[in-house]
Amino acid sequence: MATIFANGKAREIADGATIADFLRTIGWKPEWVVVELNGEPVDRSRLGDRRLAEGDRLEVVRAVAGGGDA
């Protein structure tokens, strides 16, 4: 197990888990979010490739499509 910080909160993850694995554990689909890993944006297409390590810091924001008048 490893400890990461997601949106400032400590979380335990399995060794070798990817960002996509983590997102599934919290019930979010990778296509719903924008992610930064250690301050760097991660392309959505790479979320299943990027492995997390002890002490990594994730910022995860759920992308919301807006309507509204233009």
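## Rings and charges

Rings of Phe, Tyr and Trp (its six-membered ring) pair if their centres lie within 6.5 Å; planes under 30 degrees apart count as stacked, over 60 as edge-to-face and the rest as tilted. By that test, this predicted model holds 0 aromatic pairs.

Rings do meet charges here. A charge sits over a ring if NZ of Lys or CZ of Arg is within 6 Å of the ring centre and within 35 degrees of the ring normal. Arg-57 lies over the face of Phe-5, 4.4 Å from the ring centre. Arg-62 lies over the face of Trp-32, at 4.4 Å from the ring centre.

## Basis of the values

The model is predicted: local features need pLDDT of at least 70, side-chain atom pairs count only at pLDDT 80 or more, and totals for chains, interfaces and linings use all residues. Residues are numbered from 1 along each chain as its sequence is written, and side-chain values use heavy atoms, with hydrogens and water left out.

## The sheet

Helices (H or I, at least four residues) and strands (E, at least two) are DSSP runs, numbered from the N terminus. Two strands pair if DSSP finds at least two bridges between them. In this model, 5 strands form an open sheet with mixed pairing, in the order E2-E1-E5-E3-E4. Strand E2 (9-13) and E4 are the edge strands, each pairing on one side only. Neighbouring strands are turned by 35° against each other on average, direction ignored. The axes behind that angle are lines fitted to C-alpha atoms, for helices over the stretch in contact, and angles run from 0 to 180 degrees between N-to-C directions.

## Strand E3 and its partners

E3 (residues 33-37) pairs with strand E5 (residues 57-62) in the antiparallel sense, over 5 bridges. Val-33 stands opposite Arg-62 in E5. Val-35 stands opposite Val-60 in E5. E3 also runs antiparallel to strand E4 (residues 40-42), joined by 3 bridges. There, the bridge partner of Val-35 is Val-42.

The E3 and E4 hairpin has 2 residues between the strands, and Asn-38 takes a positive phi near 50° in it. Which residues make up the covered face of E3? They are Val-33, Val-35 and Leu-37, while Val-34 and Glu-36 make up the uncovered one.

## A buried threonine

Thr-18 is found in the loop between E2 and helix H1 (19-25). Is Thr-18 buried or exposed? Thr-18 is buried, with a relative accessible area of 4%. Buried means under 20% relative accessible area, exposed over 50%, partly exposed in between (1.4 Å probe, protein chains only).

Contact means heavy atoms within 4.5 Å. Thr-18 touches Leu-47, Gly-48, Arg-50, Arg-51 and Leu-52, not counting residues up to four places away in sequence.

## Salt bridges

A salt bridge is a side-chain nitrogen of Lys or Arg within 4 Å of a carboxyl oxygen of Asp or Glu. How many salt bridges does a search of the whole structure find? The search finds 2.

One joins the side chains of Arg-24 and Asp-21 (3.0 Å, N to O). Both residues lie in helix H1, 3 residues apart, about one turn of the helix. Asp-21 is partly exposed, at 30% relative accessible area. Another salt bridge joins Asp-49 and Arg-46 (3.3 Å, N to O). Asp-49 counts as partly exposed at 48% relative accessibility, and Arg-46 is partly exposed at 41%.
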